[in-house]
Amino acid sequence: MTSTPKQKVAVIGGGGNVGASTAFALIAKGVPAEVLIVDLSEQAALGQALDISDASFTMPGTCRQASFQEAGQADVIIITAGARQKPNEPRSNLIDRNYTIIKSIMDSLQPIKSTSKILLISNPVDVLTHIAQTTSGLPRAQVIGSGTYLDSGRLRNALSDITGVSPTSIHAYMLGEHGDNQFTGWSSARIGGLPLLDHPKLKGMDLESINQRIAHKAYEIIEAKGSTYYGIGMCAAIIAEALLNNTSQVFPLTHYVEGLGCYMSWPAAIGSSGVEQSFDVKLDAAETKKLEVAVKAIKEVCAKYN
Ligand SMILES: NC(=O)c1ccc[n+]([C@@H]2O[C@H](COP(=O)([O-])OP(=O)(O)OC[C@H]3O[C@@H](n4cnc5c(N)ncnc54)[C@H](O)[C@@H]3O)[C@@H](O)[C@H]2O)c1
């Protein structure tokens with residue numbers, strides 16, 4: 001029998017598609033953690049845990065079903081529970097349904113270990129991160145959301161196709177809101193140390209159409225197969241690994257941005273204490289306007305759900 005890893009990652013909503021993909025990605029990436037699957041549907045949690053544990057036999061991680069109380073003591077608590085978008089439904093529509101679910105989960109997890117980090121995935125993720133922080137009692141730095149990390153990955157893949165450069169060497173972010181108000185930070189994007197827009201393959205391209213394609217990719221996937229889960233599952237596992245291993249990597253994530261006075265998706269370095277640094281991205285005038293729209297939209301919804 002193998003020994004149980006010391007670090008624990010709980011996935012609340014792990015009986016569903018996004019939660020199970022996250023748990024599977026943690027195991028398949030070789031993250032040496034005990035993955036705890038929790039779901040309102042105990043049967044779904046059990047089924048996913050048993051299936052994913054079958055994938056762990058050559059890996060350092062393990063996977064099992066667990067209770068909300070056990071999950072409250074995990075090092076990283078990932079929340080994927082809740083309603084998902086129907087075809088053509090904006091993420092913002094989910095707030096009424098998912099507000100109640102997130103509040104009840106935070107109650108069920110109590111007492112939450114004081115050093116835990118909570119990672120929100122459920123949508124609308126920026127607003128739900130704010131709600132999770134206020135209802136969990138944890139400090140702001142320890143409650144984050146996946147924000148526009150997935151969207152930024154989509155952007156980097158698209159730019160890789162255009163430029164022929166690896167997505168890992170393209171430093172470009174979707175920013176603001178993981179929703180219809182997200183925008184591309186073109187003016188801050190870099191490739192090989194050069195401004196991205198100086199790359200010859202980007203000259204004369206319709207940048208707004210690239211932006212729209214990225215912002216609407218989730219709708220395209222939902223239309224074709226009902227929901228999205230592999231991409232976000234991998235993103236959640238990468239973020240959890242950075243928190244567990246104290247890597248201080250920079251991701252565009254939902255966190256509290258002091259200068260803007262709200263939770264929103266913005267580049268931050270994260271480690272074992274949660275958010276370590278938030279970066280002041282330079283924007284041009286058009287991007288600043290888009291940022292203002294995103295901040296206003298997030299603040300308006302947060303004000304209703306305080
Ligand atoms: N942030 C992102 O980039 C991103 C990407 C894709 C999906 N999502 C979001 O992830 C969420 C889940 O999507 P999905 O496709 O996995 O849905 P799903 O229906 O497959 O799974 C949701 C799971 O949540 C569980 N659940 C509901 N209430 C619960 C509670 N109170 N406690 C514990 N478990 C509970 C359900 O039993 C179900 O197993 C949605 O809100 C979706 O919009 C976010």
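Two residues are taken to be in contact if their C-beta atoms, placed from the backbone, lie within 7 Å. On this basis, in the predicted model, Asp-126, Val-127 and His-130 of helix H5 meet Ile-298, Val-301 and Cys-302 of helix H10. By class, this contact comprises 4 nonpolar, 1 polar and 1 charged residues.

Helix H5 spans residues 125–136 and helix H10 spans residues 285–304. The two helices pack at an angle of about 40°, and their axes are 10 Å apart. Because angles from 65 to 115 degrees count as roughly perpendicular and those under 35 degrees as roughly parallel, H5 and H10 are therefore oblique to each other. Their crossing is right-handed.

Helix H5 itself has 12 residues and reaches 16 Å from its first C-alpha to its last, close to the 16 Å expected at 1.5 Å a residue. The helix is mostly covered, with 10 of its 12 residues buried. Among the buried residues are Asp-126, Val-127 and His-130, which also take part in the contact with H10; Val-125, Leu-128 and Ser-136 are likewise buried. Gly-137 follows H5 and has a positive phi, near 85°.

A further site examined was Asp-75, located in the loop between helix H3 (68–71) and strand S4 (76–79). With 19 other C-beta atoms within 10 Å, Asp-75 is partly exposed, because a residue counts as buried at 20 or more. Apart from neighbours within four places in sequence, Asp-75 is in contact with Gln-7, Lys-8, Val-9, Ser-116 and Leu-244. The C-alpha atoms of Asp-75 and Gly-14, which are 61 residues apart along the chain, are separated by 16 Å.

Notes: Residues are numbered from 1 along each chain as its sequence is written. This is a predicted model: local features need pLDDT of at least 70, side-chain atom pairs count only at pLDDT 80 or more; totals for chains, interfaces and linings use all residues. Helices (H or I, at least four residues) and strands (E, at least two) are DSSP runs, numbered from the N terminus. The expected span of a helix is 1.5 Å times one less than its number of residues. Axes are lines fitted to C-alpha atoms, for helices over the stretch in contact, and angles run from 0 to 180 degrees between N-to-C directions. Angles under 35 degrees count as roughly parallel, over 145 as roughly antiparallel, 65 to 115 as roughly perpendicular and the rest as oblique. A crossing is left-handed if the near helix is turned anticlockwise from the far one by less than a right angle, and right-handed if clockwise. Ala, Val, Leu, Ile, Met, Phe, Trp, Tyr, Cys and Pro count as nonpolar, Asp, Glu, Lys and Arg as charged, and the others, Gly among them, as polar.
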